[in-house]
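I set aside some time to go through this structure and note down what I looked up, entry by entry.

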Amino acid sequence: KVLTASWDHTARLWDVAEGKELRVFQGHTDWLFSAVFSKDGTRILTGSRDGTARLWDANTGNMLLVLKGHTQAVESALFSPDGLWVLTTGWDKTARLWDAKTGRELRQFSGHAGYVRTARFSPDGAQVLTAGWDSIARLWDAGSGTLLRSLAGHTGFIEAAAFSPDGLRIITAGADGTARLWESQTGKQRHILQGHSGRVVAALFDPDGKTAVTAGWDHTARSWATENGAALQVLRGDIPGLQTSIIGPDGTLAATATRSGLTAVWEISSGRHLQTLRGMHPVFAPDNSRLLTSNGVDTVFLWNSGQRAALQVFTGSTGIFSLDGQQVLTTCADSSLRIWKTADGTLTASMKGHTGRILCAAFSKDGQRVISGSDDQTARVWNPASGREELRLSIHAGRVVSVAFSPDASMALTAGADS
């Protein structure tokens, strides 16, 4: 099954095998801002400009709950790690916690003087972190709603905030050009990460929490030691114009790409530059051992991490790995998708049907299906073994910009320029 959400105030569920619309999720009275699956794929959570979030049964399409309390649009909604709670943020300067079984509002996190831009659960779900346009991050007890700490220090609004994997540290990124590390247990500001020459728009920890990476409008990504706040490396390559930065699955490598067509690979722990590769749009393989880059037009390169010679060259403008790393899916200028074996570069399938540029694509977890989205305002599900189109979804009124399968691949989520 496939799930879509749109500005027509609905989400819709489709049968993959027959291409039929199974049901319409009706209830919102304004366009949808967000839609996410629960971790187990059994529920769907939507947020809307109508000021509500709604929970749906992913298998039946029944509306389970209406989470009503915000006085303005619900910008984002997410499940707690155990799936028992829902956390929403709104334009009304509040975040709210809800019982995911009953829909009862449990807590209202009030105190921000501006729009709450981001909210996160701690890894154990016991605390809630909120941050936004009043330049203050706030840490709350999720169980009681008590304000535990206010993390004040930024002189501009906060763009991003995140917990470390162990929940002991918090990183915030701000429009004042700094990122800041805090102790979650005391609220004490440990380190100001200074070096960016413009707004810092992203911040995250590596999987072991020992390194943080930030990215900013100064066209750089930077890595920092979380223990002492020391700057480890500026990830910019040899030329300005940073376009993309990513961290590999195991947290040991980072890749940065520039508008001039080169990708640099770095060792995060030491900041050591390992290699410079031809192409942009880097994608790590699931096992971190290989990397895809592309020229964005007609060529995708497969590289071994640490080596300078391309292992394979594929036709396509962008590429992604299957989850087992054995296949590469490329999107091509002729509006087709192609699947290749990474071992020897053999073309195994070519999937044609889109009438516009393909903007996004994804493998299902088992590699048995592919979904794509296009300028032609459709999303399509394909059988990569045969290359056949199994389902065409034409509900969006604009280009389809993002697609993803649910964990069991029985459903998928699409997002379009029509919202």
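Which residue in β13 is the bridge partner of Phe121? I looked this up first, keeping in mind that the model is predicted, and found that the partner is Val128.

**Entry on the hairpin.** I then followed the two strands around that bridge: β12 covers residues 116–121 and β13 covers residues 127–132, and they pair in the antiparallel sense over 5 bridges. The two strands form a hairpin with 5 residues between them, and in the turn I noted Gly125, which has a positive phi of about 75°.

**Entry on the aromatic rings.** I searched the whole structure for aromatic pairs and got 5. One of them is Trp133 with Phe157, a stacked pair with 4.6 Å from centre to centre and 10° between the planes. Trp133 sits in the loop between β13 and β14 (136–141), while Phe157 sits in the loop between β15 (147–152) and β16 (158–163), so the pair ties together parts that are 24 residues apart in sequence. I also checked accessibility: Trp133 is partly exposed, with a relative accessible area of 44%, whereas Phe157, at 18%, counts as buried because the cut-off is under 20%.

**Entry on a charge over a ring.** I looked at Trp217 as well, and found Arg199 lying over its face, at 4.3 Å from the ring centre.

**Entry on the sheet.** I traced an open sheet of 4 strands in the order β4-β5-β6-β7, with antiparallel pairing. At its edges stand β4 (32–37) and β7 (63–68), each with a single partner strand, so one side of each is left without a neighbour in the sheet. Neighbouring strands here are turned by 15° against each other on average, with direction ignored. For the pairing of β4 with β5 (residues 43–48), I noted 5 bridges in the antiparallel sense, and within it Ala35 has Thr46 of β5 as its bridge partner.

**Entry on a histidine.** Is His396 buried or exposed? I found it in the loop between β39 (388–393) and β40 (400–405), and at 4% relative accessibility His396 counts as buried. I then asked which side chains its own side chain contacts, and noted a polar contact of 2.9 Å with the side chain of Thr414 and another, of 3.0 Å, with the side chain of Asp418.

Methods: Residues numbered from 1 in each chain as written. Predicted model: local features only at pLDDT ≥ 70, side-chain atom pairs only at ≥ 80, totals over all residues. Heavy atoms only, no water. Pairing = 2+ DSSP bridges. Buried < 20%, exposed > 50% of the residue type's maximum accessible area, 1.4 Å probe, protein only. Polar contact = N/O pair within 3.5 Å; in protein donor to acceptor, adjacent residues only side chain to side chain. Phe/Tyr/Trp six-rings, centres within 6.5 Å; stacked < 30°, edge-to-face > 60°. Lys NZ or Arg CZ within 6 Å of the ring centre and 35° of its normal. Axes fitted to C-alpha atoms, helices over the stretch in contact; angles between N-to-C directions.
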